[in-house]
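Please examine the structure shown below together with its sequence. The paragraphs that follow lead through it step by step.

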Amino acid sequence: MVQLLKKLLTTTKAVTAMLLIIIALSACKFEHQAPNVQPQTYSVPQKAPANNIQQAPIKEQISHEEMEAMRRQNQQLQQRSRFTSGGVVMILGIIGFLLFLSANNRWRHTLEIKNRQLERERNVVVAQNKQLSIERDRAEAASKAKTAFLQSMTHEIRTPLNAISGFTQILTMPGMELPEQDRQDYSTRIQVNTRLLTNILDDLILISHMEGDTELPPAEECMPLMTMAGAVDAIATVVEKGVKVDSQCNIPAEEKVMCHPRLVGIILAKLLDNAAKFTKQGSITLSLDHEADKMHFAVTDTGCGIPADKSELIFERFTKLDSFSQGAGLGLSIARMVAQHMGGTLTLDTTYTQGAKFDLIIPYIPKA
């Protein structure tokens with residue numbers, strides 16, 4: 001549409017200019033073909049008195065000169081008239097052409113303004129469409145995540161609740177006499193499922209807190225060795241019999257640093273709990289090294305291991321490589337989220353092939 005209007009304006013300009021030139025040429029031609037004014041002539045008497053015979057040639061000569069002068073004057077007047085008419089027509093044509101150019105420039109300027117406005121409006125519409133598309137994709141992803149969350153949580157919460165409810169009913173049933181070994185076994189199962197249910201609820205609360213509050217709390221003075229010991233003691237009851245749990249702190253035991261011991265403890269607990277779940281024999285090792293301005297924690301196990309092509313998939317929420325294992329698939333996702341919240345990283349070492357090895361690297365801030 002814009003190109004068509006530009007071509008139309010250009011054609012109109014050319015046609016107007018040609019019409020003005022034709023009008024000017026027609027006016028000049030009309031003046032050139034105008035009838036010439038015939039000079040006045042004086043008749044000389046054929047007969048003259050005798051006493052005027054000598055004066056006749058003089059009068060005839062004077063009349064001829066006057067006629068010649070009048071004829072030249074008439075030609076000059078005609079030339080001036082043609083020049084004046086042509087000049088007037090040319091001036092009028094120039095004025096008209098200038099007026100046309102001025103109007104054309106105004107039209108073109110107005111058209112350009114309209115085009116810019118339309119372009120801005122189009123850009124706004126395109127940006128709004130893109131934003132709507134992004135929001136739609138987010139809404140769809142949130143809906144899918146919500147569905148997956150509800151399905152996973154329904155199963156994961158119902159399983160320990162059913163176990164707790166069932167074994168509790170057996171233990172409290174009137175008249176039920178159970179051997180002491182069975183009673184202890186049922187009590188242990190109730191405790192394990194209670195711990196599992198508590199962990200699930202703690203994970204949900206932690207995710208909600210981490211997503212809602214992005215501000216990192218102030219660093220605290222702590223001893224890394226004590227943090228490691230607390231994490232190792234927490235998994236002592238869930239480790240399979242025969243699996244050895246060891247810790248190696250390669251920094252001075254009395255050294256104090258500024259960090260976030262509660263957040264570090266959460267990460268180490270998640271990593272050790274994951275290692276205990278998939279390690280049926282062998283060992284689990286928690287180590288700490290000081291590398292430049294970083295602290296490097298490593299959790300190594302001799303379990304079933306994780307394929308290299310799943311090294312990033314395992315950090316997604318509700319991801320479980322073994323669908324029959326306990327848990328909601330949130331542990332590693334929460335551990336990475338907390339590590340990133342502290343300005344650190346949590347990765348899987350794909351070069352380790354005797355099980356699984358996770359590397360946690362966080363900033364090292366020595367005590368002032």
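**A guided reading of the model**

Just after helix 6, G343 takes a positive phi of about 85 degrees. Helices (H or I, at least four residues) and strands (E, at least two) are DSSP runs, numbered from the N terminus. The model is a predicted one, in which local features need pLDDT of at least 70 and side-chain atom pairs count only at pLDDT 80 or more, while totals for chains, interfaces and linings use all residues. Residues are numbered from 1 along each chain as its sequence is written, and side-chain values use heavy atoms, with hydrogens and water left out.

Among the buried residues of helix 6 are L332, I334, R336 and H341.

The protein as a whole contains 6 helices and 7 strands. From the N terminus on, its elements follow the order α-α-α-β-α-β-β-α-β-β-α-β-β. Of its 368 residues, 27% count as buried. The accessible surface comes to about 24,700 Å², of which 59% belongs to carbon and sulfur atoms; such areas come from the Shrake-Rupley method with a 1.4 Å probe, and for residues only the protein chains shown count as cover.

Five strands form an open sheet in the order 2-4-5-7-6, with mixed pairing; two strands pair if DSSP finds at least two bridges between them. Strand 2 (244-249) and strand 6 (345-348) stand at the edges with a single partner strand each, so one side of each is left without a neighbour in the sheet. From one strand to the next, the twist averages 15 degrees.

Strand 5 is mostly covered, with 7 of its 8 residues buried. It runs antiparallel to strand 4, to which 8 bridges join it. Strand 5 (residues 294-301) is also joined by 8 bridges to strand 7 (residues 356-363), again in antiparallel fashion. A298 can be followed across both pairings: S287 stands opposite A298, and the bridge partner of A298 in strand 7 is D359. F297, in turn, stands opposite L360 in strand 7. In a regular strand the side chains alternate between the two faces of the sheet. The hairpin of strand 4 and strand 5 has 2 residues between the strands, and there A292 takes a positive phi near 55 degrees.

Finally, L92 is found in helix 2 (residues 56-172). With a relative accessible area of 55%, L92 is exposed.

Key:
Buried means under 20% relative accessible area, exposed over 50%, partly exposed in between (1.4 Å probe, protein chains only). Axes are lines fitted to C-alpha atoms, for helices over the stretch in contact, and angles run from 0 to 180 degrees between N-to-C directions.
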